Structures are given as C-alpha cells and as structure tokens.
Amino acid sequence: MNKHLFLVTCLLLVFSYNAKAQNTEITIGFKAGANYSSYTPRYIFPNIKDIHYARKVGFYIGGLVNFEISNDFRVQPELIFALQGAKLVNKNLEFVESEYSPPTYGDFELNINESTIILPIVAQYLINDKFYLEGGPQFGYIVNRKERITKNPIPDDSETPTESADFDYDKFDFGLTFGFGYNFSEKISVNTRYFFGLIERNYNIKSSVISLGLEYKI
C-alpha cells in the first residue's frame, strides 16, 4: 500500500505544481453522503441463486481539492472515509433439530462492513453552469472488515454478534468511478457516482458501489 500512496501523493503534487504554474484557481471543500454497495459477481455459485451478495446501505465523508484547468474542465482529487461492503444471503437454509423432527427452513444473512480509505481522482467536464460529468481512477485501502450475523435460523448461544474477519483479506482495491453532478451554487453541489472494481479480491469478488451526496466548497 505504501507504493500506491506514494504514487497518489506524487500525482497530487504534480496537479498542485501545474495549477500554481498556470495560475489555476484552486478550491478546497468537503463532501458527505450515502452509498449502496455490494460485490460482483452477485452469485457465489453461478448456478445456485439461493446464495448471493445483496447490496447494503453505508455512508462516506471526506475532503476534496478542485483544480480549474479551463472554463469547462476541472480535476478533483479527494480523500474519503467510507463504510461499505455487502450482505451475504443464504435463502431457504435447511435446519434439522433432531433425526426425529421435520426439517425447518429459514434465511441466513451476514452483514459485511468494510471501513475503507478512498482516493478518487476525477476529471470533470462542465456541460453548462449547472450540470457536469465526471470520471476517473479510484484507489481504496480497507483498514478494517467486520462481519455480523443479522439472520440465523439455526440457534447458537455462542454466536458473537460482531467480529473482525478471521482471514487475511485483500486490503487494496482499485477501479474506475464515473457519474454526474448538479451545482446549486458556486459552493454547494450534489452528485452521484458508480464505482466498479477492476481487480479481484478474496473469493474472486469485485467492488460495486453507488453513491449519492453533497459537496461544499469553501
């Protein structure tokens, strides 16, 4: 991860240097909002639809630096903390209490929370004074991963409600993000994005995140 942070830092320094050299307007700000995340592919076993990843609601908060390259083109690096992940759902799980009792069925659900530091670097194209398109690469580092059982048809008194993942999960994430936004004023805007991971993580999963939030520029 140190290599990736070093590369991102170099990119930010290059942006800052070029912006100062060209007398480019630089704006800083804050952003926050909600996300709706999961993993792809959705089905862990392609032919078994009872076991799949479902989307879950999370949030994000962070800061941004906006470089005005021209009247209709900007570059915006960001540093964000996000809580995202997925739900692992196993429908119609069969449970037999004893050999003489009939089987019962229920749904099992595992909530996966990933605390992630995100570094998007997006290019923004202003369609007009209000609407803009944006997109670019996004780096991520998962600082913590926790799993919590929210539904369990099998009673288990020893179950721990919340616990950290007990395997050596992949911490680095990388992909592309794109979306669009609307400027209410020079300081306040709303935007939505979709991020899709390009690298496979544990169990061949890739991140898939939809986000919606507000930005405030100082």
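I took a salt bridge to be a side-chain nitrogen of Lys or Arg within 4 Å of a carboxyl oxygen of Asp or Glu. The model I examined is predicted, so local features need pLDDT of at least 70 and side-chain atom pairs count only at pLDDT 80 or more, while totals for chains, interfaces and linings use all residues. Residues are numbered from 1 along each chain as its sequence is written, and side-chain values use heavy atoms, with hydrogens and water left out.

Entry 1. I searched the whole structure and found 12 salt bridges.

Entry 2. I looked up Arg 193 and found a salt bridge to Glu 78, with the closest N and O atoms 2.6 Å apart. Arg 193 lies in strand 10 (residues 188–197) and Glu 78 in strand 5 (residues 73–95), so the pair ties together parts 115 residues apart in sequence. Strands here are DSSP runs of E, at least two residues, numbered from the N terminus. I noted that both Arg 193 and Glu 78 are buried (under 20% relative accessible area, 1.4 Å probe, protein chains only).

Entry 3. I then turned to Glu 114, whose side chain meets that of Arg 145 in a salt bridge (2.7 Å, N to O). Arg 145 is in strand 7 (residues 131–151) and Glu 114 in strand 6 (residues 104–126), so this pair ties together parts 31 residues apart in sequence. Arg 145 counts as buried at 7% relative accessibility, and Glu 114 is buried at 2%.

Entry 4. I recorded a salt bridge between Arg 201 and Glu 114 at 2.5 Å, N to O. Arg 201 is buried, with a relative accessible area of 5%.

Entry 5. I traced a network of salt bridges linking Lys 31, Glu 78, Glu 134, Arg 193, Glu 215 and Lys 217.

How values were computed. Helix = DSSP H or I, 4+ residues; strand = E, 2+ residues; numbered from the N terminus. Buried < 20%, exposed > 50% of the residue type's maximum accessible area, 1.4 Å probe, protein only.
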